[in-house]
Structures are given as C-alpha cells and as structure tokens.
Amino acid sequence: MLAHGEKIIGEGWHQEFGKAHAEVNCIASVKETDKNFISESILYVSLEPCNHFGKTPPCSDLILQHGIKKVVIGSGDPNPIVAGKGIKKLREAGVDVVENILQKECDDLNKRFFTFHRKKRPYIILKIAQSADGFMAANEAKQVWLTNDLSKRLSHRWRAEEQAILVGTNTALIDNPSLTTRLWDGKNPTRILIDKTNRIPLGQNIFSADANTIVVNESQENTGENIFWTKADFNKNLLEQILKLLSEKNIQSLIVEGGPFTIQQFIDANLWDEARVITAPIFLGSGKASPVFSGTLFDSFSLLHDKVELWQNV
C-alpha cells in the first residue's frame with residue numbers, strides 16, 4: 001500500500017508466481033493525477049522487498065527509482081537470496097525503513113511462502129470429512145457422501161487457494177474424484193496421485209485434461225499431455241520423496257484430501273500445518289475411522305448442519 005498523508009494512492013499484491021510483485025502492482029495502480037505524490041508517500045509492505053533478479057526485477061530498485069523515502073515492512077524475507085539484503089540496500093540508499101510492524105499477522109499472511117523456505121517443503125493442509133461418530137468411510141469399498149452442498153463448495157474454494165492436492169490409490173479408485181474447483185471460480189490445483197503399481201485406469205476423472213496430474217509410482221518415468229509419471233522408492237520414506245519433488249517444482253502449498261490411511265501417514269510423520277475437519281450430522285455406526293491428531297483449534301463455524309473446525313499444528 002502507498003499512502004500520501006491520510007490518502008491511499010496505490011494498492012497491489014503478488015497475484016501469481018513469476019508475475020509482478022506487490023510493490024510493482026502497487027506503484028502501477030497509482031492514478032496519473034497522483035503520480036507526483038509517489039516520492040512523498042510511505043510504502044507499506046507485508047514482506048521485505050526483494051533485491052535480486054529472478055522472474056522479475058528487484059523491487060528495492062523500483063522503490064529507489066521512484067524516490068520513496070520511507071518503507072514500513074511487516075516481515076523479513078526468509079528466502080536466503082533476499083534475507084535482509086533488500087532492507088540493507090534501501091537503508092544504504094537513505095530510505096527510512098521500519099521493520100516488524102504487525103509481524104505476526106504478516107507472517108500468517110505469508111505462511112505458505114515462509115514454510116516453503118524455512119522447512120523446504122510445501123505448506124500442508126489436511127482435509128478431513130467425517131461422520132458425527134468419527135468415521136470417514138464405510139468398511140466396504142463404496143463411496144459415501146457425508147457433507148452438504150455448502151461444505152462441498154467450501155472444499156472447492158480451498159482447492160482454488162492452494163497449488164496442489166494429493167490422494168492415495170484407494171480414494172482415486174473408490175471415489176473417482178476430479179479434484180478440481182468446479183464448484184468455485186478458481187484455478188485447478190496440480191493433482192498428486194500415489195499409485196504404487198499404476199492401478200488407476202486412465203479413464204478416471206483424476207486424469208482429465210482439466211489439470212495436470214503427477215503420478216507417484218514405483219516403476220514408470222514418463223510424460224503425457226497433462227500426466228507426469230515419476231518414480232519413487234516405496235521402501236524408503238515416501239512422503240519425504242514426494243515433498244522434495246513438489247519443492248523442486250516450486251509448489252508451495254498442498255492439500256491432502258486422501259483417505260484416513262494417507263492422512264494418518266502425514267500426521268505420524270508430523271508433516272502437516274493445518275487440519276480442516278468437516279463433521280456431518282450422520283452416524284455410520286462403523287467404518288474407517290478418522291485420523292487421530294492433536295493441535296490447536298483456531299476457528300470453527302457451521303455450514304447448515306455441518307460443523308467446520310480449523311486446527312493448527314503447533
């Protein structure tokens with residue numbers, strides 16, 4: 001945000017990896033009649049301006065080019081390429097830099113980016129839909145719908161907010177999911193399928209042309225039009241291999257929407273950041289029990305008769 005006195009003359013945000021950063025969009029948004037005020041304004045940013053050439057030019061250079069004399073920063077950048085260098089450059093050029101303003105809120109805003117650089121893996125969200133008596137599925141191999149239409153739409157909104165979504169073989173076989181955002185306006189996430197022996201037929205929805213699909217298997221390394229088979233050693237730590245693959249592809253967030261077995265593997269390995277649990281007012285009596293985890297509840301609300309709980313791994 002760019003503020004001249006009590007007037008906001010520019011706003012912007014980083015809309016997509018590889019495209020213009022927030023500072024660029026903010027300055028570009030300033031109306032022609034206000035451009036003379038840019039150098040007299042204060043720039044407020046949630047994340048330290050970058051100081052390197054990557055997909056875009058350095059934002060610190062842009063700030064200096066426009067003669068902005070004061071910058072207020074929420075959080076420092078954990079990326080080793082930046083890590084204080086942007087702040088240092090601005091200060092050496094005479095810019096008044098104020099750091100760590102609303103840092104907790106800014107850290108939360110950039111939690112995917114921070115997790116990616118600090119933990120070398122995507123930000124991981126576990127999505128659990130369960131019955132009131134704690135079951136995710138029936139014992140027999142059949143699809144059971146638990147949540148209502150509003151909860152389903154919320155799940156699709158969540159998909160639109162993240163870069164990738166993962167399921168295991170059984171979920172792909174039984175539920176035949178598309179894993180798209182068809183109930184919400186947004187970009188489809190990259191689909192990650194764990195399929196050790198390539199059991200899933202190519203006609204299943206998970207291979208549709210709506211999105212790319214990465215198939216983690218033990219034997220095949222191949223590329224189709226929108227399907228990418230990648231080999232993994234299933235006798236070693238599979239989750240670490242998958243997360244390493246996603247990190248190499250610069251995927252910074254992942255929803256795990258598989259069955260209880262797949263989700264429990266992430267929990268047991270302590271590889272999760274949030275758990276989003278939707279509980280429907282349905283009693284199955286028996287079936288495949290929901291995963292067991294411990295965390296801190298930070299939000300809860302109702303969607304019709306479904307209860308939604310948001311948990312954080314702390």
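Is Lys-89 buried, partly exposed or exposed? With a relative accessible area of 28%, Lys-89 is partly exposed, on a scale where buried means under 20% relative accessible area, exposed means over 50%, and partly exposed lies in between (1.4 Å probe, protein chains only). The model is a predicted one, in which local features need pLDDT of at least 70 and side-chain atom pairs count only at pLDDT 80 or more, whereas totals for chains, interfaces and linings use all residues. Residues are numbered from 1 along each chain as its sequence is written, and side-chain values use heavy atoms, with hydrogens and water left out.

The chain as a whole has nine helices and 17 strands, where helices (H or I, at least four residues) and strands (E, at least two) are DSSP runs numbered from the N terminus. Its C-alpha atoms fill a box of roughly 70 × 45 × 35 Å, taken along the principal axes, and 47% of the 314 residues count as buried.

Side chains of opposite charge can pair when their charged atoms come close; here a salt bridge is a side-chain nitrogen of Lys or Arg within 4 Å of a carboxyl oxygen of Asp or Glu, and a search of the whole structure finds 14 of them. In one of these, Asp-61 pairs with Lys-89, the closest N and O atoms being 2.3 Å apart. Because Asp-61 lies in helix α2 (residues 59–65) and Lys-89 in helix α3 (residues 85–92), this pair ties together parts that are 28 residues apart in sequence.

Another salt bridge joins the side chains of Lys-119 and Asp-273, at 3.8 Å from N to O. This pair links distant parts of the chain, with Lys-119 in helix α5 (residues 111–119) and Asp-273 in the loop between α9 and β14, 154 residues apart. Asp-273 is buried, with a relative accessible area of 6%.

A further salt bridge brings together the side chains of Glu-257 and Arg-159, at 2.6 Å from N to O. Glu-257 lies in the loop between β13 (253–256) and α9, and Arg-159 in helix α6, so the pair ties together parts that are 98 residues apart in sequence. Glu-257 counts as buried at 13% relative accessibility, and Arg-159 counts as buried at 7%. Elsewhere, salt bridges that share partners join Asp-108, Lys-111, Glu-274 and Arg-276 into one network.

A pocket is found on a 1 Å grid over the protein atoms alone, as an open set of points where a 1.4 Å probe fits, with protein on both sides within 12 Å along at least five of seven lines, and its lining residues have an atom within 4 Å of a point. The second largest pocket has a volume of about 1,000 Å³, a volume being the space filled by probe spheres set on the points. At least two lining residues come from each of β6 (123–130), β7 (135–137), α6 (149–161), α7 (169–175) and α9 (260–268), and α7 gives the most, with five residues.

Most residues other than glycine have a negative phi. Leu-179, in the loop between α7 and β9 (190–194), has a positive phi near 60°, and Leu-179 is buried, with a relative accessible area of 1%. Asn-270, found in the loop between α9 and β14, likewise has a positive phi, near 55°.

On the surface, Met-1, Ile-8 and Tyr-44 form a nonpolar patch with about 250 Å² of accessible area together. Tyr-44 sits in strand β3 (residues 42–47) and counts as partly exposed at 34% relative accessibility. Ser-75, by contrast, is buried, with a relative accessible area of 1%, and its place is in strand β4 (residues 70–75). The C-alpha atoms of Ser-75 and Asp-107 are separated by 6.4 Å, although these residues are 32 apart along the chain.

Note on methods. Patches are made of residues with over 30% relative accessible area and no salt bridge: like charges are joined within 9 Å, nonpolar side chains (Val, Leu, Ile, Met, Phe, Trp, Tyr) within 5 Å. Accessible areas come from the Shrake-Rupley method with a 1.4 Å probe; for residues, only the protein chains shown count as cover.
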